[in-house]
Amino acid sequence: MNITLLCYATFAEKSPECADKFPILSGETVSDVLQRVGIPLAEVKIVFVNGISSGLDVQLSEGDRVGVFPAVGGG
C-alpha cells in the first residue's frame, strides 16, 4: 500500500524521496509513519488525513494523503 506524505515547514527536511508513493503496511497509523521518517511526535502540532484534521492514532489506508505540520512561532 502507498500513501502521499506531505511534510511542511521544519519537517520538510524529513520528507522521504518517495513521499508521493510512501509505502506503508496494513494497520500502520500516522504515528507509525512519522516515527519511520524520523519526525519527533512531540513536535507535531497538526495532522491532516485526506484534508481532515486527524490524530496520530488514525489508521492509514491505500491512497491516503497525510499532511503534518510542526508548531510554528512568529511575531
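Q: How many helices and strands does the chain have?
A: In this predicted model, the chain has one helix and five strands.

Q: And in what order do the elements run from the N terminus on?
A: The order is β-β-α-β-β-β.

Q: What is the radius of gyration, and what would a compact globule have?
A: The chain has a radius of gyration of 11 Å. For 75 residues, a compact globule would be near 11 Å, so the chain agrees with that expectation.

Q: What about the span along the principal axes?
A: The C-alpha trace spans about 40 × 25 × 20 Å.

Q: Turning to contacts, what share join residues at least 24 apart?
A: The share is 53%, counted among contacts between residues at least 6 apart in sequence.

Q: How much of the chain counts as buried?
A: Of the 75 residues, 35% count as buried. The chain exposes about 4500 Å², and carbon and sulfur atoms supply 52% of that area.

Q: Next, charges: how many positive and negative side chains are there?
A: There are 5 positive and 9 negative side chains. The centres of the two sets lie 4 Å apart.

Q: How many salt bridges does a search of the whole structure find?
A: The search finds one salt bridge. E28 forms a salt bridge with R36, and their closest N and O atoms are 2.7 Å apart.

Q: Is E28 buried or exposed?
A: E28 is buried, because its relative accessible area is 9%, which is under the 20% cut-off.

Q: And what does R36 count as?
A: R36 counts as partly exposed, with 44% relative accessibility.

Terms used: Residues numbered from 1 in each chain as written. Predicted model: local features only at pLDDT ≥ 70, side-chain atom pairs only at ≥ 80, totals over all residues. Heavy atoms only, no water. Helix = DSSP H or I, 4+ residues; strand = E, 2+ residues; numbered from the N terminus. Rg over C-alpha atoms; globule rule 2.2 N^0.38 Å. Buried < 20%, exposed > 50% of the residue type's maximum accessible area, 1.4 Å probe, protein only. Contact = heavy atoms within 4.5 Å. Areas by Shrake-Rupley, 256 points an atom, 1.4 Å probe, with all protein chains shown as cover. Lys, Arg positive; Asp, Glu negative; His and termini not counted. Charge placed at Lys NZ, Arg CZ, Asp CG, Glu CD. Salt bridge = Lys/Arg side-chain N within 4 Å of Asp/Glu carboxyl O.
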